[in-house]
Amino acid sequence: MINKKSTSILSLALFLSLFLVSSCNNESKPISFENNSYENNYEADISVSIDEAAGNDDISKVINFKIKEAIISTLSDVTKKTNLESVLEDFNSEYIAFKKEFPEASHPAWELHIEAEKSYQSEDVITLSVNTYEFKGGAHGNDKIKFLNLNTATGNVYNINDLVENSKDFKTLAKTYFLKSIDADKENNKIEDYFFGKPFQLPENIGFSDDGLVFLYNVYEVASYDQGYTEFIIPFDAVEPFLKVK
């Protein structure tokens, strides 16, 4: 005869095991990324390498749309474009038309290089670095970096006020680390020289890395073209009091 007490214990154990398996399956898994490139026989020198969210779920679709939207926003003359492939085709077509009209000026070939690389991922935020370089002749090309901070729960883009307490104290902390980055102790190295006579300003690009919060000024955003990018990092232990997500 089967003991009713033993049967109850076995039933309870089976229920608990099924519950634990179900709970594990229902936990949200980290979003995975895969690198994709866009191949075509372009006459212009075009290369594209993008870390995109894998899978076909709604959040992955939003993330990938936001990545391509961010890429397009860094490029010139594409304010009405929403499709990356059409942007590449248009750039190539423009170069072909230019070669026909000015064959003697068509060398070197025009260049368009795009790279979007995931640089940080946590339970709350994913940061990608979007790098673009355009060259259509002239003394030098146009290169730009854009940090894209994404909400892991929705795929939407965080703004600066979603990420940090954008207070006077936060700006003061950032200014301290900026001064360290430009070696302000050097003679005649004044902060106003970097901001065209104005006081310290936060950059448009603030993102996360494994080392802390990254602040990046693009070319021309501070100082001259020859200065290039200006970048500094505030470690997590120093910036922690201001973070809303991490």
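Predicted model: local features only at pLDDT ≥ 70, side-chain atom pairs only at ≥ 80, totals over all residues.
Colleague: In what order do the five strands of the open sheet stand?

Modeller: Helices (H or I, at least four residues) and strands (E, at least two) are DSSP runs, numbered from the N terminus. Two strands pair if DSSP finds at least two bridges between them. The pairing in this open sheet is mixed, and the order is β1-β2-β3-β4-β5.

Colleague: Which strands stand at the edges of that sheet?

Modeller: An edge strand here has a single partner strand, so one side of each is left without a neighbour in the sheet. The two edge strands are β1 (33-37) and β5 (142-151).

Colleague: Which residue of β4 is the bridge partner of Leu112?

Modeller: Strand β3 (residues 111-121) and strand β4 (residues 125-135) pair in the antiparallel sense over 10 bridges. In β4, the partner of Leu112 is Glu134.

Colleague: How many residues of strand β7 are buried?

Modeller: Buried means under 20% relative accessible area, exposed over 50%, and partly exposed in between (1.4 Å probe, protein chains only). Strand β7 covers residues 212-217 and is mostly covered. The number of its residues that are buried is six of six.

Colleague: How many bridges join β7 to strand β8?

Modeller: On one pairing, β7 runs antiparallel to strand β6 (residues 205-209) with five bridges, and a hairpin of two residues joins β6 to β7. Gly207 stands opposite Val214 of β7. Strand β8 (residues 230-235) also runs antiparallel to β7, with Pro235 as the bridge partner of Gly212. The bridges between β7 and β8 number six.

Colleague: Within what arc do the buried residues of helix α5 fall?

Modeller: Helix α5 (residues 168-181) buries Phe170, Leu173, Ala174, Tyr177 and Phe178. The arc is that of the directions from the helix axis to the C-beta atoms. Seen down the axis of α5, the buried residues line one face of the helix, so they fall within an arc of 140 degrees.

Colleague: Which exposed residues does the face of α5 turned away from its buried side carry?

Modeller: What covers the buried residues of α5 includes α6 (191-194), β7, β8 and α7 (236-239), where contact means heavy atoms within 4.5 Å. The face turned away from that buried side carries Lys168 and Asp169.

Colleague: How many aromatic pairs does the model hold?

Modeller: Rings of Phe, Tyr and Trp (its six-membered ring) pair if their centres lie within 6.5 Å; planes under 30 degrees apart count as stacked, over 60 as edge-to-face and the rest as tilted. By this rule the count comes to 17.

Colleague: How far apart are the ring centres of Phe170 and Phe215?

Modeller: Phe170 lies in helix α5 and Phe215 in strand β7, so the pair ties together parts that are 45 residues apart in sequence. Phe170 is buried, with a relative accessible area of 0%, and Phe215 is buried at 0% relative accessibility. The planes stand at 35 degrees, so the pair is tilted, and the centres are 5.9 Å apart.

Methods: Residues numbered from 1 in each chain as written. Heavy atoms only, no water.
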